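Q: I have a new model open and would like to learn how to read it feature by feature. Could you walk me through it, please?

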Amino acid sequence: MLTHEENELLCRVEGEAPMGKLMRQHWTPICLIEEVSEPDGAPVKARILGEDLVVFRDSEGRVGVVGEYCPHRRASLVYGRNEDGGLRCLYHGWKFDVQGNVLEMVSEPAASSMAEKVKHTAYPTKEWGGMVWAYMGAQDAIPEFVAPAWAPTADTRVSIGKVLLPCNWAQILEGAIDSAHSSSLHSSDFVPARVTGAEATDNNWLRPSTDKAPRLQVQRTEYGFRYAALRRPIFNASTHDYVRSTVFVAPGTVLIPPNNLYNVANVNVPMDDTNTVFYFIAWGDAATTPETETWRKFLHTQVGPDLDERYRPLRNHENRFWQDRQAMKAGNFTGITGFPNQDIAMWVTMGPIANRSDERLGASDLAIVEFRRRMLDAIAEYKQDGKAIGTGAKTIPGTICSYQAVVPKETDWREYQVRYVSAKHAVSDEQAAEAATDYQVKQ
């Protein structure tokens, strides 16, 4: 557990909070590209690290991330006119380009030089991996954008489910790195089967183990840490382990062990201290990675059926996350449809910021403990030398990836040679379904 002071240091990101300052040293996802795909289209509101922003695509296709409030009289630019190369405030007609320059001040005399003296807040942007990114740190030393591990090339298929959640970023991230919970919370979706590794069907993810109490081992790194959850496999249990190795990439990314068809990642961006943008990502080859709407339908994170137009869940604490008690009686473990929604129910019910000073942690919480220690240490390191975890020479190497495999017990998971899932290594849906059926029949 953490003290109250340590918990505040870990969770708070607004204003002068040390964690927020650390996070600003990284390029940060602001919104999905699809939200601002149209030149001169409607501006989009974003709130990141306690700062209110507006994202828009100008007439030439350039994306701007600027402060929401007009520097004139503080009216919101979300309602502005996006036209002729800039965003115009409705109140007095001041107009700004994607770099924050004032293009017009129609309310001022023609001879006024005031426009030359005003510069609106604007951040450098990059479009990559289906997201609009911005660098919100000091603008006198902007680091080069580095492609994230889950979108290594421009032609990688990246499918993203986006959800805005009313709780702190750290409790969401802890859920992503907690391997032990999947054997209980997701037991109706992550189904034990006689397969050689984790495999995906249209409805379930299969895994070759019934073991609900994994043994955890951790390896700290300069970009975060890696860890392995070791379980007894269904077959060859006396000689082999089923390894699920997860990678935490500071400050907010988790590379989740893949299935046989595609790779999986989780990205958590703090909106402020008590709200988070949660992105759940499938990525890999187009031949085996689901398209965006197929992925969102699988996750039950579609705008309309599951989310409102601002990506807020229709399932919430007030309506019990649409939990179906009859389905639970029939055998479904949670009665909540869509495994991210099962997670969300747990995260949100912890409260806006989880009270970590009143916990009882066990052996299965080793990765949770390491996450907290690693990020608190990262704040201390940044204060000491000004170098943020996971930046510059501390960036995650391209050879590091999450993985899952059944391996001989004498194998060191840290040295096990793996690579990201690609189409040529994939098993078909039909093969995976046959394996699940075979297991159920034998049971």
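A: Gladly, and we can begin with a single residue. V218 has a relative accessibility of 25%, so V218 counts as partly exposed, between the cut-offs of 20% and 50%. Please keep in mind that this is a predicted model.

Q: Where does V218 sit, and which residues is V218 in contact with beyond four places in sequence?
A: V218 belongs to strand β16, residues 215-220. Leaving aside neighbours within four places in sequence, V218 is in contact with F225, R226, Y227, L366, E370, W413 and R414. For a distance along this stretch, take A229: eleven residues separate it from V218 along the chain, and their C-alpha atoms are 9.1 Å apart.

Q: Let's step back to the whole chain. How many helices and strands does the protein have?
A: The secondary structure comes to eight helices and 22 strands.

Q: How do I read the radius of gyration of the protein?
A: The idea is to set the value beside what a compact globule with this number of residues would have. For 443 residues that would be near 22 Å, and the protein has 23 Å, which agrees. The box filled by the C-alpha atoms, taken along the principal axes, is roughly 85 × 45 × 45 Å.

Q: What can I say about burial and surface in the protein?
A: Burial is a matter of relative accessible area, with under 20% counting as buried. Of the 443 residues, 55% count as buried. The protein exposes about 19,800 Å², and carbon and sulfur atoms supply 49% of that area.

Q: What share of the contacts join residues at least 24 apart?
A: Among contacts between residues at least 6 apart in sequence, 63% join residues at least 24 apart.

Q: How many positive and negative side chains are there?
A: There are 47 positive and 57 negative side chains, and the centres of the two sets lie 3 Å apart.

Q: How many disulfides does the structure hold, and how do I reason about C167?
A: For a disulfide, look for a pair of cysteine sulfur atoms within 2.5 Å. The structure holds zero disulfides. The closest cysteine sulfur to that of C167 is in C11, and at 10 Å the gap is too far for a bond. C167 counts as buried because its relative accessibility is 0%. C31, at 1% relative accessibility, counts as buried too.

Q: Is helix α6 mostly covered or mostly exposed?
A: Helix α6 spans residues 339-349 and is mostly covered, with nine of its eleven residues buried. Those buried residues are F339, P340, N341, Q342, D343, I344, A345, W347 and V348. They pack against β12 (157-165), α3 (169-176), β13 (190-192), β15 (205-207), β21 (275-284) and α4 (292-299). Just after α6, G351 takes a positive phi of about 100°.

Q: Is K394 buried or exposed?
A: K394 counts as buried because its relative accessibility is 17%, under the cut-off of 20%. K394 has its place in the loop between α7 (366-385) and β22 (403-408). Beyond four places in sequence, K394 touches E222, Y223, D385, K387, A388 and I389. The C-alpha atoms of K394 and L90, 304 residues apart along the chain, are separated by 45 Å.

How values were computed:
Residues are numbered from 1 along each chain as its sequence is written. This is a predicted model: local features need pLDDT of at least 70, side-chain atom pairs count only at pLDDT 80 or more; totals for chains, interfaces and linings use all residues. Side-chain values use heavy atoms; hydrogens and water are left out. Helices (H or I, at least four residues) and strands (E, at least two) are DSSP runs, numbered from the N terminus. The radius of gyration is taken over C-alpha atoms; the globule rule is 2.2 Å times the number of residues to the power 0.38. Buried means under 20% relative accessible area, exposed over 50%, partly exposed in between (1.4 Å probe, protein chains only). Contact means heavy atoms within 4.5 Å. Accessible areas come from the Shrake-Rupley method with a 1.4 Å probe; for residues, only the protein chains shown count as cover. Lys and Arg count as positive and Asp and Glu as negative; His and the chain ends are not counted. The place of a charge is taken as NZ of Lys, CZ of Arg, CG of Asp or CD of Glu.
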